[in-house]
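User: I am new to this structure and would like to learn how to read its features. Could we work through them one at a time?

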Amino acid sequence: MSKALGRSFDNKKIVGELFTLTYGALVSQLIKDYETDEDVNKQLDKMGYNIGVRLVEDFMARSNMGKCQDLRETADVIAKLAFKMYLNIVPTVANWSPANDEFSLILENNPLAEFVELPENHTNLNYGNILCGTIRGALEMLQLEVQTWFAKDSLKGDNTTELRVKFIRRLTDALPAGED
């Protein structure tokens with residue numbers, strides 16, 4: 001098949017840009033629908049959580065990964081496999097706490113923030129909060145309760161985006177949230 005008008009397209013780049021723009025439209029609509037940045041942040045986290053709950057099954061099937069032995073191994077799998085598989089980036093795992101129960105995922109380039117500038121009146125908006133929810137939801141399905149939050153955000157003037165992940169506890173004999 002010949003190239004249309006002599007152009008070639010990078011399908012991954014086009015799909016990535018389409019995802020980024022669609023996500024931007026979603027966040028824009030949430031800003032219109034909710035009164036405060038905190039409410040938008042909660043909705044993005046909730047959406048991400050629901051994505052993570054479902055995404056972990058796809059990840060396990062596609063990666064053929066077994067159970068991780070500890071939080072360090074889990075962090076490496078999240079960074080080197082999951083982020084690469086779904087966002088085509090590999091964040092750096094760094095800043096471990098002395099108790100080895102908390103770490104950072106540092107994103108040199110956040111693909112969600114590629115075409116974005118936060119308006120001055122939305123300084124409390126965590127634009128990429130869907131990532132925090134996704135990590136939290138996926139790990140909960142693997143019986144790990146964690147907290148996730150933005151420690152740094154390139155959209156707020158930081159050089160990089162830094163997500164913190166803190167292990168809370170191992171879940172045992174628990175049903176996923178909402179399934180009684």
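Predicted model: local features only at pLDDT ≥ 70, side-chain atom pairs only at ≥ 80, totals over all residues.

User: Which residues does Ile51 touch, not counting residues up to four places away in sequence?

Analyst: Leaving aside residues up to four places away in sequence, Ile51 touches Ile130 and Thr134. Ile51 itself lies in helix H2. Sequence distance and spatial distance are separate things: Ile51 and Arg136 are 85 residues apart in sequence, yet their C-alpha atoms are 9.9 Å apart in space.

User: Is Ile51 buried, exposed or partly exposed, and why?

Analyst: The class follows from the relative accessible area, where under 20% counts as buried and over 50% as exposed. Ile51 has a value of 38%, so it is partly exposed.

User: How many helices and strands does the protein have, and in what order do the elements run?

Analyst: The protein has four helices and four strands. Read from the N terminus, the elements follow the pattern α-α-α-β-β-α-β-β.

User: How do helices H2 and H3 lie relative to each other?

Analyst: One compares the directions of the two axes, and an angle of 65 to 115 degrees counts as roughly perpendicular. The axes of H2 (residues 37-63) and H3 (residues 71-87) cross at roughly 100° and come within 11 Å. The two helices are therefore roughly perpendicular to each other. On the H2 side the contact is made by Leu55, Asp58, Phe59, Arg62 and Ser63, and on the H3 side by Val77, Leu81, Ala82, Met85 and Tyr86. Sorted by class, this contact holds seven nonpolar, one polar and two charged residues.

User: In what order do the strands form the sheet?

Analyst: Strands of a sheet pair through backbone hydrogen bonds, in either the parallel or the antiparallel sense. Here four strands form an open sheet in the order S1-S2-S4-S3, with antiparallel pairing. S1 and S3 (144-152) stand at the edges with a single partner strand each, so one side of each lacks a neighbour in the sheet. Ignoring direction, neighbouring strands are turned by 25° against each other on average.

User: Which residues stand opposite those of S2 in the neighbouring strands?

Analyst: S2 pairs with S1 (residues 92-94) over three bridges, and Ala94 stands opposite Ser104. With S4 (residues 161-170), S2 pairs over six bridges. Leu107 stands opposite Thr161 there, and the bridge partner of Leu105 in S4 is Leu163.

User: Which way do the side chains of S2 point?

Analyst: In a regular strand the side chains alternate between the two faces of the sheet. Glu102, Ser104 and Ile106 point one way from S2, while Phe103, Leu105 and Leu107 point the other way; all are buried. Since six of the six residues of S2 (residues 102-107) are buried, the strand is largely enclosed by the rest of the structure.

User: How much of the whole protein counts as buried?

Analyst: Of its 180 residues, 39% count as buried. The accessible surface comes to about 11200 Å², and 51% of that belongs to carbon and sulfur atoms. Among contacts with a separation of 6 or more, 58% are between residues 24 or more positions apart.

Notes. Residues numbered from 1 in each chain as written. Heavy atoms only, no water. Buried < 20%, exposed > 50% of the residue type's maximum accessible area, 1.4 Å probe, protein only. Pairing = 2+ DSSP bridges. Axes fitted to C-alpha atoms, helices over the stretch in contact; angles between N-to-C directions. Parallel < 35°, antiparallel > 145°, perpendicular 65-115°, else oblique. Contact = heavy atoms within 4.5 Å. Nonpolar A, V, L, I, M, F, W, Y, C, P; charged D, E, K, R; others polar. Areas by Shrake-Rupley, 256 points an atom, 1.4 Å probe, with all protein chains shown as cover.
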